[in-house]
Amino acid sequence: MSFGKVARRLRRACGKIMTTMTGCVFCRIVGRQQPARVLYEDEFCVAFEDVNPRAPVHALVVPRKHIATLNDSRETDDPLLGRLLRVAARVAGDKGLSGFRTVINTNAEAGQTVYHLHVHVLGGRTMRWPPG
Ligand code: 5GP
Ligand code: ZN
């Protein structure tokens with residue numbers, strides 16, 4: 001087995017152990033064990049306000065199912081991934097935004113801090129490009 005494959009398996013296993021040990025903050029929000037300002041929910045996903053907003057509108061859309069990163073999604077998750085984006089657009093529309101930015105940070109290099117897949121929905125101000 002290649003080093004990369006071993007490393008990926010280890011990372012996934014560690015993520016699962018950490019989630020079991022410490023609990024995943026977004027799983028807790030999805031399970032209503034931790035409060036959040038919920039904007040939308042359905043059987044597949046939940047959208048809520050980011051606790052530390054980086055723009056006048058800053059929401060997060062998360063799957064109910066725990067997926068640590070985009071890299072951990074599988075082909076069978078394709079409909080779910082599509083759903084997350086559709087819900088992101090819906091949440092932006094509900095907030096009165098016609099223009100908005102969607103962001104998925106994957107792993108620490110990209111700034112991911114919560115290891116439960118989420119789509120950021122940012123808007124209400126001018127967005128710079130490229131992002132920092
Ligand atoms: P990341 O850095 O992983 O892409 O984004 C994680 C986001 O989750 C951050 O914007 C952070 O402010 C938000 N966040 C972290 N903990 C909580 C929490 O307990 N509640 C809510 N609503 N947002 C959180
Ligand atoms: Zn989780």
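N105 counts as partly exposed in this predicted model, because 17 C-beta neighbours lie inside 10 Å of this residue. A residue would need 20 or more such neighbours to be called buried, and 12 or fewer to be called exposed. N105 sits in the loop that runs between β4 (101-103) and β5 (119-123). Leaving aside residues up to four places away in sequence, N105 touches A110, G111 and Q112. T69 is 36 residues from N105 in sequence, yet the two C-alpha atoms are 8.3 Å apart in space.

**The ligand shell**

Now to the strands on either side of the N105 loop, β4 and β5. They belong to an open sheet of 5 strands, ordered β1-β2-β3-β5-β4, with antiparallel pairing. β1 (38-41) and β4 are the edge strands: each has a single partner, so one side of each is left without a neighbour in the sheet. From one strand to the next, the twist averages 20°. Strands of a sheet pair through backbone hydrogen bonds.

What joins strand β3 to β5? The link consists of 5 bridges between these antiparallel strands, with β3 covering residues 57-63. V57 stands opposite G123 of β5.

How values were computed: Residues are numbered from 1 along each chain as its sequence is written. Chains are lettered from A and ligands numbered from 1 in the order in which they are written. This is a predicted model: local features need pLDDT of at least 70, side-chain atom pairs count only at pLDDT 80 or more; totals for chains, interfaces and linings use all residues. Helices (H or I, at least four residues) and strands (E, at least two) are DSSP runs, numbered from the N terminus. Two residues are in contact if their C-beta atoms, placed from the backbone, lie within 7 Å. Two strands pair if DSSP finds at least two bridges between them. Axes are lines fitted to C-alpha atoms, for helices over the stretch in contact, and angles run from 0 to 180 degrees between N-to-C directions.
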